[in-house]
Amino acid sequence: MIFNFETRTVVLQEGRRIYFSSDFHLGVPTVEKSRDRERVLVKWLESIEHDAQIIFLVGDIFDFWFEYGHVVPKGFVRLLGKLAELSDRGIELILFTGNHDMWMFGYLKEEIGATIFRNPVNFEITSSDGIKKSLLIGHGDGLGPGDKVYKILKQIFENSFFQWIFRIVHPDIGMWIASQWSKRSRIANIKKGEEVFVSEDYEWLLHYCKDVEKEQHHDYYIFGHRHLVLDLAVNANSRYINLGEWVTKQTRQAYAAYDGEKVILKEFK
């Protein structure tokens, strides 16, 4: 298997950090609970803005997102306003699309200055004291063995013809369809403890990391999608970090921070 990743280089300034979080699923399970979670997210962003150089939001920020030509989903103004403020202050925003918000196109780039990626990207980061680390970052959906049904569905959803068909539907109807889909989603109906770590043998993203590592080294593999906070060894010199989710609180509103030397999982209280 041959892996080809886009590579970006970053020079981390002295005293600055890079932050990562994912799977906010804004929009579920109710408007009220989503808005409460959104307020917490804004507080988290306020807590890290003093030393953030880059903020990675690694997919499924929204439980559903679709951009028509002149229409975007209603809501989420607290989060989007805060992100715009951070971007205006010079903090770089990097967003990855997830399986719930893959229909993200140019709006967030135009409005808040975010860079958007759809596939895993290799970031070569050099700290102010010369430490170099390689971080492979992506949402994680459709990677690794198994989940063949979703991989087929993803190809359909990413098809431009299917997207055009949905776009010609009136936004009121399209967003109603999306809301019904969201109500049936796994994250909207998850029960506490339903997502559990069984063993490394069952962690398909870890298997994916190990396959990549056989061909090219990365110090850290950072993904979301799994809805579990994980820090597992890929080998003696590489680790797989999963960022969990913010909906059920079973993953403790986790995020990760990179200080130029190590990626550390943290909990926002």
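Select G27 to begin: beyond its neighbours within four places in sequence, G27 is in contact with S34, R37 and F76. The model on display is a predicted one. G27 itself sits in the loop that joins β2 (17-21) to α1 (31-48), and its relative accessible area of 37% makes it partly exposed. Display the C-alpha atoms of G27 and R37 next; these residues are 10 apart along the chain, and the two atoms are separated by 9.6 Å.

Turn now to the aromatic rings, where the count comes to 19 pairs. Select F66 and W103: their ring centres are 4.8 Å apart and their planes stand at 80°, so this pair is edge-to-face. F66 belongs to the loop between β3 (52-57) and α2 (77-88), and W103 to the loop between β4 (92-96) and α3 (107-112), so the pair ties together parts that are 37 residues apart in sequence. F66 is buried at 0% relative accessibility, and W103 is buried at 7%.

Proceed to Y208 and F223, another edge-to-face pair, with 6.1 Å centre to centre and 75° between the planes. Because Y208 lies in helix α7 (residues 204-215) and F223 in strand β8 (residues 220-223), this pair ties together parts that are 15 residues apart in sequence. Y208 is buried at 7% relative accessibility, as is F223 at 0%.

Next, select Y19, F24, W44, W246, Y255 and F268, which form one aromatic cluster.

Finally, move to the surface and select F161, W164, I165 and I168: together they form a nonpolar patch with about 430 Å² of accessible area.

Definitions and conventions: Residues are numbered from 1 along each chain as its sequence is written. This is a predicted model: local features need pLDDT of at least 70, side-chain atom pairs count only at pLDDT 80 or more; totals for chains, interfaces and linings use all residues. Side-chain values use heavy atoms; hydrogens and water are left out. Helices (H or I, at least four residues) and strands (E, at least two) are DSSP runs, numbered from the N terminus. Buried means under 20% relative accessible area, exposed over 50%, partly exposed in between (1.4 Å probe, protein chains only). Contact means heavy atoms within 4.5 Å. Patches are made of residues with over 30% relative accessible area and no salt bridge: like charges are joined within 9 Å, nonpolar side chains (Val, Leu, Ile, Met, Phe, Trp, Tyr) within 5 Å. Accessible areas come from the Shrake-Rupley method with a 1.4 Å probe; for residues, only the protein chains shown count as cover. A salt bridge is a side-chain nitrogen of Lys or Arg within 4 Å of a carboxyl oxygen of Asp or Glu. Rings of Phe, Tyr and Trp (its six-membered ring) pair if their centres lie within 6.5 Å; planes under 30 degrees apart count as stacked, over 60 as edge-to-face and the rest as tilted.
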